[in-house]
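Q: Could you take a close look at one part of this structure with me? I'm new to this, so please walk me through it slowly.

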Amino acid sequence: MALDISKHKDLIWELAKRDLKIRYKNSALGFLWSLLNPLLMMLVLSFVFMYFFRFDIEHFPAFLVIGIVSWRFFGGTAGALQSIVGNADLVRKIYFPREILTISSVLSVFVSTLLEFLVLLILLPILGVSPSFLVLLLPVILILQLIFVLGVSFILSSMYVYYRDIAHIWEVVMQAGFFLTPIFYPLSFIPAKYLNLYMLNPMAWFVPAYRDILFYKEMFSFFDLSVMFVISLVFLFIGYYVFKKLEPNFAEEV
Amino acid sequence: MNAIEANNVWKKFKIPHEKRDTLVENAAGFIKGEKATYEEFWALKNINFNVKEGECIGIIGENGSGKSTLLRIISNILPINKGNVKVRGSVGPFLELGTGFRGDLTAKENVYLYGYVIGLKKKQIDNVIDNIFEFAELERFRDMKLKDFSSGMNMRLAFSTAISTNPDILLIDEVLAVGDESFQRKCMDKIMEFKSEGKTIVFVSHSLESVKNLCSRGIWLNKGIIETQGSVDQVIDYYVGSIRKKEEEELLEEHKKTEEKIKVKEGEKEKPKKEEKPKNRWGSGEIEITEVKFFNKEGKECHVFETGESMKVKLKYDVKERIKNPLFRAQIYKIDGTFCHGTNTDRHDIKLGKLIGENSMGINYNELNLLPGTYLYTVGVWPNEQSKKPYDNHDKMYKFIIKEKKVKPAKSVGISVIPHEWILSEK
C-alpha cells in the first residue's frame with residue numbers, strides 16, 4: 001500500500017484538493033462558513049447544558065468544542081463512504097489503485113480537521129483555557145485518529161458499492177454515536193456498570209485524549225495511548241483487507 | 001515482443017434473479033435461508049490471442065459478442081475468472097461513447113484529473129493541454145462543466161486527451177460512431193499517425209471499412225468465442241459471409257410468414273374476416289396470387305443479393321373465373337417507400353389471353369443494379385393499366401436485401417448504379 005501511495009501522491013493530493021475546493025466553494029470565505037456549524041453547535045449546546053441541564057463543568061464551551069471538532073473528524077467517514085461510488089465514471093473507465101479515492105477523501109477531511117484544530121487553539125484561550133506544552137502531543141492523537149478514520153472509511157466505501165443502504169445505516173450510527181461518545185459530557189458521567197460496554201466505542205477513547213492534553217492539561221495514560229494505537233491499526237488492517245477483497249468487482253458494481 | 005497476450009481467458013457475469021443491493025435485503029434473505037440466486041453468463045470463453053508491439057488489430061462482431069468486455073479486461077478494469085492477460089506498456093483510457101470522468105468538473109479539470117490518474121506530472125499536462133483543446137476544437141469550452149457537453153463534444157475531448165497523452169497501447173471502442181464526418185476523418189488520420197509511430201492499437205468497430213483500412217489482423221468475436229482470427233481481409237470475408245447467411249435465414253422466415261398469411265385468406269374464402277386479412281393485400285379476388293418467391297442465378301431461393309446480380313421472381317396464381325388479358329404488375333420500392341422500378345405486362349405488349357385455373361409466371365431481372373439497402377417488392381394483377389381496383393395486389397409484402405459487391409464495389413449511394421469515374425485533371 002505504501003508503494004501505491006508514494007507512486008500516486010500527486011493524484012491523491014489532486015483529488016483531495018478537489019474535495020476541499022468543492023467543500024469550501026473555492027474561497028477562503030467558504031472555510032469561514034464551514035466553521036459556522038461547529039461554532040453554532042458549541043453555542044447552542046453550551047446554552048442547553050449550562051442553563052437547562054445545569055452541568056457544572058468549568059469552561060464548558062471549551063470542553064464542548066474540543067469534543068465537537070474531534071467528532072467532526074470522525075464524521076468525515078460519511079463523506080469518504082461516497083468516495084468509490086461518487087467516482088463511478090473514473091472507476092469504470094480507467095484502471096488505477098482504487099484505494100486512492102478513499103485515501104484522498106480522508107486526506108481532505110484531515111486537512112479540514114487540521115484547520116479546525118488551528119482555529120480551536122486560537123479559540124481556547126478566549127474561552128478561558130490557555131494551552132500548555134502538551135499541545136505538542138496533539139499530532140500523535142491526530143495521526144492515530146487519522147489511521148482509525150481511514151480504516152473505517154475503507155470498510156464503508158467498499159461496502160457501499162454493494163450495499164446502498166449503508167449510507168442510511170451509517171447516518172443512524174453517527175447520530176447514535178454523537179450521544180454515546182463523551183462529547184458534551186465527561187466520561188465520569190457513565191455509571192460504572194456500563195463503562196466497559198461504553199468503552200467499546202472507539203471514539204470514547206479518542207475524544208477524552210484530546211481533552212486531556214488541551215483542556216485538563218494532563219498527559220493521557222500510556223494504557224489509553226496503547227488502546228488507541230491498537231484500535232487504529234486493527235481498523236486499518238480490517239478496512240484494507242475488506243477493501244482489497246471487494247475491489248476487483250468495483251467496475252461491475254458501481 | 002507481444003504488447004498484449006491473452007491466454008485462455010474466461011469471463012463470467014452474474015445476473016441475479018432478484019437484485020439485492022442493500023444490506024437489509026441481504027440480511028433478511030440470509031435469515032430466511034433464501035440464497036440469492038443468479039444466472040451465470042459467460043461473456044468470454046477461452047479467448048487466446050496475441051498482439052505484437054506496433055500491430056493494429058481489429059475486433060469485429062455483433063452487439064453483445066463481448067468486444068467491449070475484452071477491452072475492459074485488457075485495460076485491467078474488469079477481473080477475469082480464468083486464464084491470464086499480460087499487457088506491456090501504458091494503456092490509454094478505455095475509449096467509448098460518453099467518456100468523461102466527472103460531470104461536476106470543468107473540461108480542463110477533467111483533463112488534469114485524467115493526466116494525474118495515468119501518472120503524469122502537472123508540467124507534462126500543462127505542455128499538452130493546449131494541443132488537446134485545439135485538436136478537439138473545444139478551445140472555447142475549456143471552463144464549461146463536462147455535464148453540459150454534448151455526447152459529440154465529450155467524445156472529441158476524450159479522444160484528443162487519449163491521443164495527446166501518448167500511451168503505448170490505444171484501445172478504441174466504436175468512438176468514431178459519433179462526431180461529424182470531418183472530425184471522424186481527423187480522428188482516423190490521427191489514429192493512422194499513431195500507427196505509423198509504431199504504437200499498438202486495438203480497434204473495435206462496426207465499420208468494416210475502417211477496420212480494413214487500419215488493421216492488418218482481425219478477430220471475429222461471436223457470442224464470447226473467437227470465431228476466427230487472422231488476416232483482416234479473411235476475417236471480414238468470413239464474417240460478412242456469415243452475416244449474409246443469417247440475414248438470408250431471417251428473411252426466409254419472414255417470407256414464410258407472409259406466405260402463411262396469404263394461405264389463411266385462401267382457406268377462409270367462404271367468410272372472409274376483415275381483421276385477419278393482411279393490411280397490404282387487397283383485391284376483388286377473381287384472380288389470386290398464391291405464391292411469390294425470389295431465386296438467385298443458381299436457382300436457389302434467396303433474399304440477399306449483390307448489386308448487379310440477377311434475380312428471378314416466380315409467381316403462382318389462381319384464376320377463379322374465366323378472365324381475359326389481365327395485367328400483371330411488379331414494382332420495387334426502397335424500405336423508406338421510394339419507388340425504384342416498375343414494370344407490367346402491358347408495357348411489354350404481353351397478352352395473356354383467356355385464363356382459368358392455377359398457373360404460374362416469372363420475371364427475370366438480369367442485372368439488379370440497385371445500390372445496397374433493403375427493398376420491398378410489390379406484385380399485383382389488375383384488369384388493365386388504368387384500373388383502380390385490382391383482382392389481387394400484394395403491396396410491398398416481400399423483402400429482399402442488396403449488398404455491396406465484393407469485387408468492384410459501386411462506391412455510391414442512392415438508388416441505382418450509374419457507372420462513372422472521377423477524372424482529376426480535366427480542364
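A: A:Asp89 and A:Arg92 form a salt bridge, and their closest N and O atoms are 3.5 Å apart. Both sit in helix H6 of chain A, and because they are three residues apart there, about one helical turn separates them. Keep in mind that this is a predicted model.

Now zoom out a bit from that pair. Over all chains, the search of the whole structure turns up 31 salt bridges. Between chain A and chain B the count is two. In one salt bridge, B:Lys121 pairs up with A:Asp10, with 3.4 Å between the closest N and O atoms. The rule also picks out four residue pairs in polar contact across the interface of chain A and chain B, with both residues at pLDDT 80 or more.

On the side of chain A that touches chain B, the elements giving two or more residues are helix H2 (9-23), helix H6 (88-93), helix H8 (138-162), helix H9 (166-179) and helix H13 (250-253) of chain A. H2(A) gives the most to that side, with six residues. Sort the residues of this side of chain A by type and you get 15 nonpolar, two polar and 11 charged.

What about the contact as a whole? In this model, 28 residues of chain A are in contact with 32 residues of chain B. Chain A and chain B bury about 2500 Å² between them, and 60% of that is on carbon and sulfur atoms.

The whole structure holds 45 aromatic pairs over all chains. The ring centres of A:Phe148 and A:Phe206 are 5.4 Å apart and their planes are at 25 degrees, so this pair counts as stacked. A:Phe148 belongs to helix H8 of chain A and A:Phe206 to helix H11 (residues 203-216) of chain A, so the pair links distant parts of the chain, 58 residues apart.

Finally, hop over to the strands of chain B. Strand E10 (residues 287-295) and strand E12 (residues 311-324) of chain B run antiparallel, joined by eight bridges. Within that pairing, B:Phe294 stands opposite B:Val313 in E12(B). E12(B) is also joined to strand E15 (residues 354-365) of chain B, by 11 bridges, and these two run antiparallel as well. There, B:Met311 has B:Tyr365 in E15(B) as its bridge partner.

Conventions
Residues are numbered from 1 along each chain as its sequence is written. Chains are lettered from A and ligands numbered from 1 in the order in which they are written. This is a predicted model: local features need pLDDT of at least 70, side-chain atom pairs count only at pLDDT 80 or more; totals for chains, interfaces and linings use all residues. Side-chain values use heavy atoms; hydrogens and water are left out. Contact means heavy atoms within 4.5 Å. Buried area is the accessible area (1.4 Å probe) that two parts lose on being put together, summed over both. A salt bridge is a side-chain nitrogen of Lys or Arg within 4 Å of a carboxyl oxygen of Asp or Glu. A polar contact is a pair of N or O atoms within 3.5 Å; within protein, one must be able to donate a hydrogen and the other to accept it, and residues adjacent in sequence count only if both atoms are side-chain atoms. Helices (H or I, at least four residues) and strands (E, at least two) are DSSP runs, numbered from the N terminus. Ala, Val, Leu, Ile, Met, Phe, Trp, Tyr, Cys and Pro count as nonpolar, Asp, Glu, Lys and Arg as charged, and the others, Gly among them, as polar. Two strands pair if DSSP finds at least two bridges between them. Rings of Phe, Tyr and Trp (its six-membered ring) pair if their centres lie within 6.5 Å; planes under 30 degrees apart count as stacked, over 60 as edge-to-face and the rest as tilted.
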